[in-house]
Amino acid sequence: MLPTATQRRTQPGSFDDLIAAEQRIEPRDAMPDDYRKTLIRQIAQHAHSEIIGMQPEGAWISRAPSLRRKAILMAKVQDEAGHGLYLYSAAETLGVDRSELLDKLHTGRQKYSSIFNYPTLTWADVGAIGWLVDGAAIMNQVPLCRCSYGPYARAMIRVCKEESFHQRQGFEILWTLARGTEKQHAMAQDAADRWWWPALMMFGPPDTGDAAAPGGHTEQSMAWGIKRFSNDDLRQKFVDITVPQAQKLGLTLPDPDLRWNDERGHWDFGEIDFDELWRVVKGDGPCNAERIEHRVRAHDEGAWVREAANAYADKVAARAKEAVA
Amino acid sequence: MLPTATQRRTQPGSFDDLIAAEQRIEPRDAMPDDYRKTLIRQIAQHAHSEIIGMQPEGAWISRAPSLRRKAILMAKVQDEAGHGLYLYSAAETLGVDRSELLDKLHTGRQKYSSIFNYPTLTWADVGAIGWLVDGAAIMNQVPLCRCSYGPYARAMIRVCKEESFHQRQGFEILWTLARGTEKQHAMAQDAADRWWWPALMMFGPPDTGDAAAPGGHTEQSMAWGIKRFSNDDLRQKFVDITVPQAQKLGLTLPDPDLRWNDERGHWDFGEIDFDELWRVVKGDGPCNAERIEHRVRAHDEGAWVREAANAYADKVAARAKEAVA
Amino acid sequence: MGRAPDTTVPEGDSLAAAYCLQLGDDALIYAQRLGEWISRAPQIEEDMALGNIGLDQLGQARALLTRVGELDGSGRTEDDLAYLRDEREFRNVQLVEQPRGDFAFEMARLLWFSSYQAELYAALLTSEDEVLSAVAHKAVKEVAYHRDHATQWVLRLGDGTLESHDRMQTALEAVLPYLAELFDDDAVSLAAAEAGRGVAPSGLHDAVVARVGAVVDEATLTLPNDSRWRSRGGRTGAHSSAMGHLLADMQHIARSHPGAQW
Amino acid sequence: MGRAPDTTVPEGDSLAAAYCLQLGDDALIYAQRLGEWISRAPQIEEDMALGNIGLDQLGQARALLTRVGELDGSGRTEDDLAYLRDEREFRNVQLVEQPRGDFAFEMARLLWFSSYQAELYAALLTSEDEVLSAVAHKAVKEVAYHRDHATQWVLRLGDGTLESHDRMQTALEAVLPYLAELFDDDAVSLAAAEAGRGVAPSGLHDAVVARVGAVVDEATLTLPNDSRWRSRGGRTGAHSSAMGHLLADMQHIARSHPGAQW
């Protein structure tokens with residue numbers, strides 16, 4: 001029987017020893033093919049999520065109801081572009097390039113976080129995305145700051161710092177709305193109602209599925225130091241942190257089963273409709289088609305610009321060469 | 001010396017006799033070439049004005065501030081399309097076709113009324129266009145109901161009936177605004193300030209120019225029963241009718257020289273800045289470029305539809321023929 | 001802490017109001033989109049025709065929204081309802097709010113929507129709500145004309161040139177994701193149907209598909225039926241991204257002058 | 001009966017307020033257009049760059065509009081001025097309100113506008129209005145970056161591919177009609193210049209044209225200078241047809257919630 005990728009060692013004592021010692025793997029280090037592929041897929045999906053994630057909030061830049069909020073929102077969406085860039089760069093250290101990854105995004109061969117297939121129906125949704133979606137993202141991402149792959153870990157440190165800033169800004173938007181006019185309060189409550197369950201789904205399927213079974217993706221990613229906590233653990237942690245924040249906001253969460261469990265020392269919560277998650281993941285979300293169309297349109301409309309930049313760079317290089325020769 | 005077009009008689013006793021007897025010329029009657037050309041140019045310009053005139057008001061359909069006003073405005077702009085159709089049909093009786101005339105409009109070889117090169121900056125402008133622009137148009141057009149060319153005269157009868165309805169609706173918009181909030185009143189006044197002078201220019205240059213000189217266009221058109229009153233006479237008539245309407249509205253007109261002249265039995269008014277008129281006619285109006293671009297875009301975007309309709313009509317005809325054969 | 005989402009369905013006059021609101025919003029928002037064609041149509045006859053159809057829709061909207069204000073006890077006028085509600089309060093299906101596309105898209109939308117309205121209003125002729133039945137009496141003739149107009153164009157475009165055929169086929173595919181929503185049995189329609197005042201949308205489905213299908217066949221086109229996604233939620237105020245901009249444009253002047261008469 | 005149009009020019013603080021309003025509106029409306037690029041740029045780096053430039057413009061707008069409210073005695077905040085004024089009260093030039101075109105159009109607009117702002121703010125460093133001079137100190141560095149960014153792109157596009165060259169040339173022609181307005185000596189600017197607080201726009205013309213002309217030359221493009229028409233009136237509140245829709249979108253939520261805090 002041939003050794004599997006994980007069993008195979010590219011250089012005796014190197015990769016596995018580094019992993020075992022909780023040392024970082026760097027681009028020039030040898031690494032198993034599957035480790036590389038897993039990371040590329042995960043980092044790319046993460047980068048795509050940042051880029052696609054610009055759309056639901058970006059749609060409110062023109063309509064932000066105060067100039068201060070407009071400035072904060074522009075800066076936030078711009079940060080997401082920046083996160084996308086760090087992450088594509090991290091992926092590039094693994095031997096792929098950005099245009100290849102973008103092409104996979106555009107043609108549906110790589111995914112982005114399904115949360116961005118939900119629409120932003122009101123201004124309060126900008127707050128809810130910051131509070132709940134960035135909140136859940138941080139919960140997922142903080143452990144990645146200790147990820148075994150160096151460039152990814154370092155990108156995540158930067159990303160998490162900014163995300164937690166965004167999370168506070170989102171909370172502040174809802175805080176202001178919840179204390180505002182009756183209509184504003186209703187808007188905040190409506191946003192919490194719509195974003196709560198999708199945010200819980202961001203932690204992925206429960207740890208009872210195939211991926212979490214022994215020998216599945218989860219175990220492998222944990223062994224490689226890419227994943228540190230199970231989906232359900234992170235989800236519970238998020239619920240435990242977020243419920244008291246909702247109470248502070250004066251907003252209710254749309255789950256009649258939500259109650260403190262003294263015995264467990266955690267908040268109990270209701271059953272998640274994973275059928276909806278799978279439906280949206282498979283393409284039947286309210287905005288799947290729109291998000292990809294928007295992204296592809298921007299990319300296609302910009303093709304001539306990127307070509308021109310390349311042509312110009314070539315000309316400049318050729319001229320420099322001529323000048324030297 | 002060869003006879004000029006007006007002296008030439010195509011069939012002894014026919015065209016000139018009809019004109020002299022104030023009878024109508026009909027499409028199958030013989031007529032001098034210049035009469036035909038003058039009419040084609042005038043009717044086409046008139047038709048183009050209806051079509052281009054849809055734009056400044058059409059821009060407010062989506063924003064009309066009440067559903068009743070929205071319905072009235074949609075109906076009005078639709079009427080303008082209808083007027084354009086009657087008029088193109090009248091022109092077609094003279095042996096040109098609509099696509100030829102539209103092409104001349106699109107390429108700047110035929111004009112439309114310069115008034116439509118002014119922008120509609122507020123909702124009150126929709127009122128001012130109805131009151132002043134349609135008011136001036138009616139003044140110009142009522143005499144055309146007695147035009148010597150039958151199809152044109154009949155088209156004008158229909159047009160004038162609807163225009164006077166539009167004029168009343170415009171007046172009513174301003175009446176409501178002038179009696180509304182302070183901001184609404186200011187909006188109405190601002191519109192009157194901006195549309196008054198351009199409306200006066202709609203009657204064309206003063207009767208002191210080349211066209212009005214003996215042997216010029218004006219004399220010829222009058223002899224042919226196309227034009228019945230001089231520009232300045234029509235303009236004075238318009239001022240005399242409109243100034244009391246402004247008083248009724250409670251709006252001032254932006255002319256410090258405007259005062260009743262007991263001796264003349266007319267309202268005196270200030271000097272018109274015909275330099276502005278010529279500037280706008282020559283293309284340097286606020287909306288000249290936009291109006292033609294808008295029109296050409298609609299036409300170009302519709303080309304494939306018109307082609308399809310023709311292709312289908314051909315197929316249907318061919319099938320009918322086959323069925324018979 | 002927890003809270004179940006509010007799924008209460010109104011009763012009696014409030015139910016009738018909620019039902020009229022759905023129909024009225026469909027007509028209002030579609031009128032708004034149709035109005036955008038005026039001065040932009042492929043030929044002047046079509047500026048007029050689309051203007052006419054838009055006017056009919058606007059007329060239906062005005063009658064229905066006025067009825068809402070009478071029924072729900074709020075005393076709101078047609079204008080209060082059109083201009084002073086927020087996006088989440090609009091109850092139209094997402095089909096009508098989609099941005100103006102090319103002429104083929106508009107004809108695909110019009111063929112489906114007018115066929116739907118034709119069946120709907122035909123069924124409402126016998127509504128126990130007399131006002132609704134009166135609206136239906138007038139509207140049923142109007143939408144028959146709309147359907148006829150769309151039919152003629154779908155035939156011309158489908159069986160016209162190669163380009164028009166392709167565009168018309170693409171348009172049928174573009175409207176597809178928005179069709180299922182027309183026939184969803186939402187709680188309000190179901191309750192209204194039970195109360196003898198409305199119609200269950202699912203009951204209209206087969207007749208509409210048969211009608212559209214026949215036109216599409218004759219036009220040498222193919223009725224697509226496989227969509228990766230479908231719109232949901234218009235009836236509960238969840239709209240697509242185009243809706244906010246449509247409302248901003250429609251309401252801005254009215255909102256800028258609180259309390260003003262026009 | 002007659003009435004002469006009001007051509008009064010304000011004095012003192014009111015004049016300074018009117019002057020700041022013009023500059024602030026230019027920056028605000030341009031920020032609004034630049035914001036539309038975010039998620040639509042040709043590459044992610046450009047989403048960031050245009051976002052940055054938009055943020056700078058928005059920052060200038062906020063400082064200037066806040067100053068307006070202090071000077072004119074109305075006590076209006078930056079938000080009152082941005083969200084509660086009607087179209088006729090906006091004082092920006094028409095260049096900045098033009099709809100987003102292709103990337104070449106944006107770079108043509110940015111090159112001209114940032115070059116104009118660079119000269120303007122440089123001259124305002126010595127304004128007797130200390131707040132204005134402070135705004136200029138910060139802004140002068142920002143707009144130097146904007147100008148540099150636009151310069152780099154005009155070079156790349158002009159001297160890139162055949163297509164990019166043509167598009168860039170077309171873009172230079174498309175912005176042309178809106179340039180004269182930047183350098184019109186409107187009554188407010190003239191009076192502000194006389195009072196030592198502002199700059200006469202005509203005085204900026206030559207330096208701006210020289211700067212842009214040099215870039216255009218190096219980019220193997222031609223500076224067009226023959227326009228059949230030119231825009232007029234932005235400084236007196238006469239705007240182009242795009243402006244109403246821009247404001248509807250920008251103001252709609254704020255207008256829909258009178259008195260609310262955000």
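Analyst: A term to start with: a polar contact is a pair of N or O atoms within 3.5 Å; within protein, one must be able to donate a hydrogen and the other to accept it, and residues adjacent in sequence count only if both atoms are side-chain atoms. The model is predicted, so local features need pLDDT of at least 70 and side-chain atom pairs pLDDT 80 or more, while totals for chains, interfaces and linings use all residues. Residues are numbered from 1 along each chain as its sequence is written, chains are lettered from A and ligands numbered from 1 in the order written, and side-chain values use heavy atoms, without hydrogens and water.
User: How many residue pairs are in polar contact between chain A and chain D?
Analyst: There are 17, with both residues at pLDDT 80 or more.
User: And how many salt bridges?
Analyst: Between chain A and chain D the count is 3, a salt bridge being a side-chain nitrogen of Lys or Arg within 4 Å of a carboxyl oxygen of Asp or Glu. D159(D) and R319(A) form a salt bridge, at 2.7 Å from N to O.
User: How many residues does the contact take from each chain?
Analyst: Chain A gives 44 and chain D gives 47, where contact means heavy atoms within 4.5 Å.
User: What area is buried there?
Analyst: About 4,100 Å², 65% of it from carbon and sulfur atoms. Buried area is the accessible area (1.4 Å probe) that two parts lose on being put together, summed over both. On the chain A side, L67(A), Q78(A) and W304(A) lose the most area to chain D, together 20% of what that side buries.
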